[in-house]
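Subject: Structure handover and findings

Hello,

Here is the structure for your work.

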Amino acid sequence: MISSNYYYVVTLVIALIANVPCEAQLSSTFYDSTCSNALSTIRTSIRQAVSRERRMAASLVRLHFHDCFVQGCDGSILLDDNTGERVALQNNNSVRGFEVVEAAKQAVEAICPGVVSCADVLTVAARDATVAVGGQSWTVKLGRRDSTTFASRTQAETDLPRGSDSLQTLISNFARKNLNERDMVALSGSHTIGQARCATFRARIYSNTSIDPGFASTRQRGCPQTGGNNNLAPLDLVTPNSFDNNYFRNLVQLKGLLASDQVLFSGGSSDSIVQGYINNPRSFQSDFGASMIKMGDIEPLTGGNGIIRKTCGSAN
């Protein structure tokens, strides 16, 4: 005969287990049994978007980066908001691609409702966008869930790098996210695609001494000393729509568009990494993928934490 003490112990153990936080791990096979066509569906949607506008590849990589660096890779940047992280200095009037992520999400919802998170859609979209413009693929870990709230503007402005940051500031910023100096340089290499606003590089092209004079003059024609804040210039003057290592070649020639680009090759500790990526383009591509995987591991919501949003712009 089973005593009442036995039932008490069993009940206590169950209660304790129920209160243990779920430490589910991300896995590349997370949706294999619940939505086996999720990745191919996202890939098709992203390829179509990038074929319509090549710049979108850079926008999606940047959107993923800015999501992960603020509150973790939880899709919080995708939430419609005009008071929090979206209006932070580093995001306002510059982060874009929300409609592309939403289209990919709804394509997945059509085949597997309520299964795949917006955070995962964005993570996969960044990989597929990179491949669509010539970058090397990598295996994406999955299983993130979505946050119900966006981060504050203050938090975003604290966590996100700035175009005027020094080398040491960049190294420290990335270290806080468990990313080392090599990760930082590799991830900065995403600036081999995309464009920047005049407001973010004006100071460099008019008052920075470590810049090629001809390059500065060229950029000044599209970025006056006053006005034109939203005028765009390619981050890589040579191959702005191809994911290659020309970004690093530009730095050696003092043709980095942002101050935070040029500091990567300015007599400091990262010079050798830049030179290595010039000499060995394959090492850049492989390091970039490895660093994107590490970045995707920043504070994800997993297990019973977070939700699966129906639409990425709202918390259901």
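The side chain of Asn-91 forms a polar contact with the side chain of His-66, at 2.5 Å. This is a predicted model, so please take that distance of 2.5 Å as computed from it. Asn-91 sits in the loop between α3 and α4. Its relative accessibility is 0%, and therefore Asn-91 counts as buried. Apart from neighbours within four places in sequence, the residues in contact with Asn-91 are His-66, Ile-77, Glu-85, Arg-86 and Leu-160.

Helix α3

His-66 is one of the buried residues of α3. Because 12 of its 14 residues are buried, α3 is largely enclosed by the rest of the structure. The cover over the buried residues of α3 includes α2, α4, α5, α7 and α14. As for its length, the end C-alpha atoms of α3 lie 21 Å apart, which agrees with the 20 Å that its 14 residues should span at 1.5 Å a residue.

Helix α4

α4 covers residues 98–109, 12 residues in total. From first C-alpha to last, α4 reaches 16 Å, close to the 16 Å expected at 1.5 Å a residue. Its buried residues are Phe-98, Val-100, Val-101, Ala-104, Lys-105, Val-108 and Glu-109. Two of the names there, Lys-105 and Glu-109, belong to residues of the charged class, and both are buried in α4. Among the elements covering the buried residues of α4 are α2 (38–52), α3 (55–68) and α5 (118–132).

Ile-42 in α2

Ile-42 is found in helix α2. Ile-42 counts as buried because its relative accessibility is 1%. Leaving out residues up to four places away in sequence, Ile-42 touches Ala-104, Val-108, Val-121, Val-124, Ala-125 and Asp-128. Of these, Ala-104 and Val-108 are also listed as buried in α4. Ile-42 and Ala-125 are 83 residues apart along the chain, and their C-alpha atoms are separated by 6.8 Å.

Largest pocket

The largest pocket holds about 1100 Å³ of space. It is lined by 45 residues, and those closest to its centre are Arg-62, Gly-163, His-191, Thr-200 and Leu-258. Two or more lining residues come from each of α3, α7 (167–175), α8 (181–188), β1 (195–197), α9 (198–207), α12 (259–262) and α14 (281–295). The largest share belongs to α3, with 7 residues. By class, the lining of this pocket has 22 nonpolar, 15 polar and 8 charged residues.

Cavity

How many cavities of 30 Å³ or more does a search of the whole structure find? The search finds 1. The volume of the largest cavity is about 70 Å³. Its lining is made up of His-64, Thr-123, Trp-138, Thr-139, Val-140, Lys-141, Arg-144, Met-292, Ile-293 and Gly-296. These residues divide into 4 nonpolar, 4 polar and 2 charged.

Regards

Terms used:
Residues numbered from 1 in each chain as written. Predicted model: local features only at pLDDT ≥ 70, side-chain atom pairs only at ≥ 80, totals over all residues. Heavy atoms only, no water. 1 Å grid on protein atoms, 1.4 Å probe; cavity = no way out; pocket = protein on both sides within 12 Å on 5 of 7 lines; lining within 4 Å. Points joined across faces, edges and corners; volume = space filled by probe spheres on them. Helix = DSSP H or I, 4+ residues; strand = E, 2+ residues; numbered from the N terminus. Expected span 1.5 Å × (residues − 1). Buried < 20%, exposed > 50% of the residue type's maximum accessible area, 1.4 Å probe, protein only. Contact = heavy atoms within 4.5 Å. Polar contact = N/O pair within 3.5 Å; in protein donor to acceptor, adjacent residues only side chain to side chain.
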